[in-house]
Amino acid sequence: MASDPYRSPASRGRKGGGPESDQMGFTMKRRRWLTLGSVVVFAAALMTSAVPAQEATREDHPNIVLILADDLGYGDLGVFGSPTIDTPRLDRLAAEGVKLTSFYVASPACTPSRASLLTGRYPIRSGMNAVLGPDAEKGLPSSEVTLAELLGETGYHTSLVGKWHLGDRPAFLPTEHGFDDYFGLLYSNDMMPPWVQTKKPLRLYRGAVEQPGEVDSGTLTTRYTEEAIRVIREQRRQPFFLYLAYSMPHVPIGSSAAFEGKSAGGRYGDVIEELDWNVGRILDTLRELRLDDRTLVIFTSDNGPWTNMPSRMLVDDRIRLTDAGTAGPFRGSKGTTWEGGVRVPFIARWRGRIDPGLVSADIASALDLLPTLARLAGAALPAHVPLDGLDIMPLLEGSGPSPRQDLFYFNDGRLEALREGQWKLKVEWKKGFSTPVPELYDLTNDPFERHNVAGGNPETAERMLNRLVAFAKETGAVR
């Protein structure tokens, strides 16, 4: 199994899924709904019910702050079991809201995970199967409808601060996918020599404009936070969607001087504790502006920790093996579909709507954020593309169980696993064999995936394998 999601595209083989003719983004213009009339016409064609999308108002639709860490492991926060890293603000956020312990991303690597989060669709449907580098000619297709676009239809101001990683060509930028404004890096902060061979300098962008100056990883968390606070203050009088995608703790990690050498968790702990403190600054701003009870705050990660970094990442002391976090009790890491690669921390708080102190082990996914948040905003879901996400608001507010009972695990365009309730079927596609070799795990009694019980449960293993193979063929994930 490949552990390096950044290896060259030439080594990846055929890509399945996605409208290939549109991936270059040149033949299909980005949809822009600039007038009320065009919104009504387009929504009438796409809505999944008879109720049209409504213009957002302060009274009936919440602000949404979606905070995404990069490569943060399940076990990196105090509230998720870290023995050495102190995260009081995130721990308090969980105590004031809901913590999900079986929350999954749709892929264990940056680009496909983020594509799924913003579209509510498995990454193979958009063709975003592999991590994009600075010289990639593709990006998120314009045919995909993003969460930002849906919320923008109803009057939300939409902002992205931080890492994008869905294409750096003009046709693929955040402002072409529904975001009113953007400030951040177009891909990971390691996308430069000696770790990635490219002639493009690593630069911050504001909108579509490259900003001058070298990028210092140690300042990124603070710079993103200050930009996010500016957005909140400027947009406080209207509903807003803020997608705050921190670059940390992706390597090369960095923290400001105020946090260096402070954590019992070493320099990786310094980075997480600074991240925690800056999330606290966001929460303090919401409280200062009296937006607490009008704002849904979500914190999660894009995939598990990169504990299996390839040798190209370790060419000098700027990156060390200990610069990766932990998946806690789970097996695997970033780049794998073991639980440690795809099960990530999740916290949500909305005062007055989500009861404090809720904890659930029900299955949920980043796929579910688009339909959940779109419904809260009164946005109509697109009908011309299949959505894989489900509305999990009843789970978040404690009024009902999760509607999600199963989940497919994709990795680099391969369908590698299926979870159904307590069962997880994991497969390895053997070259020359039409049917993959299955392993079956009971995640209720063995969440660590230590014991393959396929032999003792042949009917369950066969049924799940047949379903996985059928979905692999449907989505083009068979190689």
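Arg-290 lies in the loop between helix 7 and strand 9 (295–301); helices (H or I, at least four residues) and strands (E, at least two) are DSSP runs, numbered from the N terminus. The model is predicted, so that local features need pLDDT of at least 70 and side-chain atom pairs count only at pLDDT 80 or more, whereas totals for chains, interfaces and linings use all residues. Residues are numbered from 1 along each chain as its sequence is written, and side-chain values use heavy atoms, with hydrogens and water left out.

Although Arg-290 is not a glycine, its phi is positive, at about 60 degrees. Arg-290 has a relative accessible area of 69% and is therefore exposed (exposed means over 50%, buried under 20% and partly exposed in between, with a 1.4 Å probe and protein chains only). Glu-449 also has a positive phi, near 55 degrees, and is placed in the loop between strand 16 (437–442) and helix 11 (458–475). Glu-449 counts as buried because its relative accessibility is 0%.

Helix 7 packs against helix 2 (residues 88–95) at an angle of about 50 degrees, with the axes 7 Å apart. Axes here are lines fitted to C-alpha atoms, for helices over the stretch in contact, and angles run from 0 to 180 degrees between N-to-C directions. The two helices, helix 2 and helix 7, are therefore oblique to each other; angles under 35 degrees count as roughly parallel, over 145 as roughly antiparallel, 65 to 115 as roughly perpendicular and the rest as oblique. Residues of helix 2 that meet helix 7 include Leu-90 and Leu-93, and their counterparts in helix 7 include Val-279 and Leu-283, where contact means heavy atoms within 4.5 Å.

The loop between strand 8 and helix 7 contains Pro-252, and the peptide bond from Val-251 to Pro-252 is cis, with omega near 0 degrees. A cis peptide bond also joins Pro-193 and Pro-194, with omega about 5 degrees.

Across the whole structure, a search finds 15 aromatic pairs; rings of Phe, Tyr and Trp (its six-membered ring) pair if their centres lie within 6.5 Å, and planes under 30 degrees apart count as stacked, over 60 as edge-to-face and the rest as tilted. The ring centres of Tyr-224 and Tyr-246 are 6.5 Å apart and the planes stand at 40 degrees, so this pair is tilted. Tyr-224 belongs to helix 6 (residues 217–235) and Tyr-246 to the loop between strand 8 (240–245) and helix 7 (266–288), 22 residues apart. Tyr-224 is buried, with a relative accessible area of 0%.
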